[in-house]
Amino acid sequence: MEFEQLHQHRWDYFVRRIMVRYSILLFLFTSFTCRAQTADDKLTLIELAHKRSAALVTGDSVEMKEILHENFFYVNSYGEKKNRQKYIRNMFLQGDSKWIAQRIDSMDVKLIGPDAAILSFVVLDHFRYDGKEYKVYNRSTFVYWKKRKVWKCMSGHTTELAGEK
C-alpha cells in the first residue's frame with residue numbers, strides 16, 4: 001500500500017508540474033496575443049480617425065461612407081442630430097464654403113472589450129465660410145464598433161472649446 005501511495009504521489013506531482021508549465025505557457029501566449037490585438041486595434045482606430053479627417057477636408061464622400069456605419073449618427077456643437085446621409089451632405093461644405101484643414105491633437109483611444117471603442121480628441125477645424133476663414137477648436141468623441149474584423153464609426157459628438165484660439 002505504501003508503494004502505491006508513493007507512486008500516486010509522484011504521479012500527482014508530475015501532473016501538477018506539467019499543468020503549471022502548461023498554464024504559464026497558455027498565459028504568456030494569450031497575454032501576448034491580446035496585447036498585440038489591442039495595439040493593432042488602437043493603431044487601426046487612430047488611422048481611421050485620420051482617414052475620416054482627410055475625407056472631410058478633401059470632400060471624399062466615398063471614403064467617408066466606408067468609415068461610417070450605415071446607422072451612424074452625429075450631434076454637432078449646436079446640438080443638432082444628423083444621420084449618416086445628412087452628416088455627409090452637411091459636412092462637405094458647398095459653394096464658397098470649404099474645409100482647409102482639420103488637425104487632430106490629444107487623441108485618447110479606449111477599447112471596450114474586443115469589438116467596441118471610444119475615441120476622444122481635440123480638433124482644430126480650419127475652414128472658409130462665406131468668404132471668411134475660421135479656426136475653431138473642438139472636442140470630439142466618436143464610438144466605433146468592430147464587426148467581422150472591420151471597425152465602423154457608429155456615432156460622434158462635437159463640442160466647441162471656449163477660449164481656444
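Where is Asp130 found? Asp130 sits in the loop between strand 4 and strand 5.

## The model

This is a predicted model: local features need pLDDT of at least 70, side-chain atom pairs count only at pLDDT 80 or more, and totals for chains, interfaces and linings use all residues. Residues are numbered from 1 along each chain as its sequence is written, and side-chain values use heavy atoms, with hydrogens and water left out.

## Overall layout

The protein chain has three helices and six strands. Helices (H or I, at least four residues) and strands (E, at least two) are DSSP runs, numbered from the N terminus. Along the sequence, the pattern is α-α-β-β-α-β-β-β-β.

The protein chain has 165 residues, and 29% of them count as buried. Buried means under 20% relative accessible area, exposed means over 50%, and partly exposed lies in between (1.4 Å probe, protein chains only). A contact means heavy atoms within 4.5 Å. Of the contacts with a separation of 6 or more, 51% join residues 24 or more positions apart.

## Strand pairing

Two strands pair if DSSP finds at least two bridges between them. Strand 5 and strand 6 run antiparallel, joined by ten bridges. In this pair, Lys146 stands opposite Trp151 of strand 6. Strand 1 and strand 6 run parallel, with four bridges. Here Val75 stands opposite His157 of strand 6.

Most residues other than glycine have a negative phi. Asp130 is not a glycine, yet it has a positive phi of about 50°. Asp130 is exposed, with a relative accessible area of 58%.

Arg148 is not a glycine either, and its phi is positive, at about 55°. Arg148 lies in the loop between strand 5 and strand 6. These strands form a hairpin with two residues between them. Arg148 counts as exposed, at 72% relative accessibility.

## The nonpolar core

A nonpolar core is a set of buried Ala, Val, Leu, Ile, Met, Phe, Trp, Tyr and Cys residues joined through side-chain atoms within 4.5 Å. The largest one has 27 residues. Those with the most contacts inside it are Met64, Leu68, Tyr87, Leu119, Phe142 and Tyr144. Elements that give two or more residues to this core include helix 1, helix 2, strand 1 (68-75) and helix 3.

What does Leu68 touch, not counting residues up to four places away in sequence? Its partners are Arg84, Tyr87, Ile88, Lys152 and Cys153.

## The pockets

On a 1 Å grid over the protein atoms alone, a pocket is an open set of points with protein on both sides within 12 Å along at least five of seven lines; lining residues have an atom within 4 Å of a point. A volume is the space filled by probe spheres set on the points. The largest pocket has a volume of about 620 Å³. Of its 24 lining residues, Ser77, Tyr78, Met91, Trp99 and Phe127 are the closest to its centre. Strand 5 gives the most to this lining, with five residues. The lining divides into twelve nonpolar, seven polar and five charged residues. Ala, Val, Leu, Ile, Met, Phe, Trp, Tyr, Cys and Pro count as nonpolar, Asp, Glu, Lys and Arg as charged, and the others, Gly among them, as polar.

The second largest pocket has a volume of about 230 Å³. It is lined by 13 residues. Helix 1 gives the most to this lining, with five residues. By class, the lining has four nonpolar, one polar and eight charged residues.

Note on methods: On a 1 Å grid over the protein atoms alone, a cavity is a set of points where a 1.4 Å probe fits but cannot get out, and a pocket is an open set with protein on both sides within 12 Å along at least five of seven lines; lining residues have an atom within 4 Å of a point.
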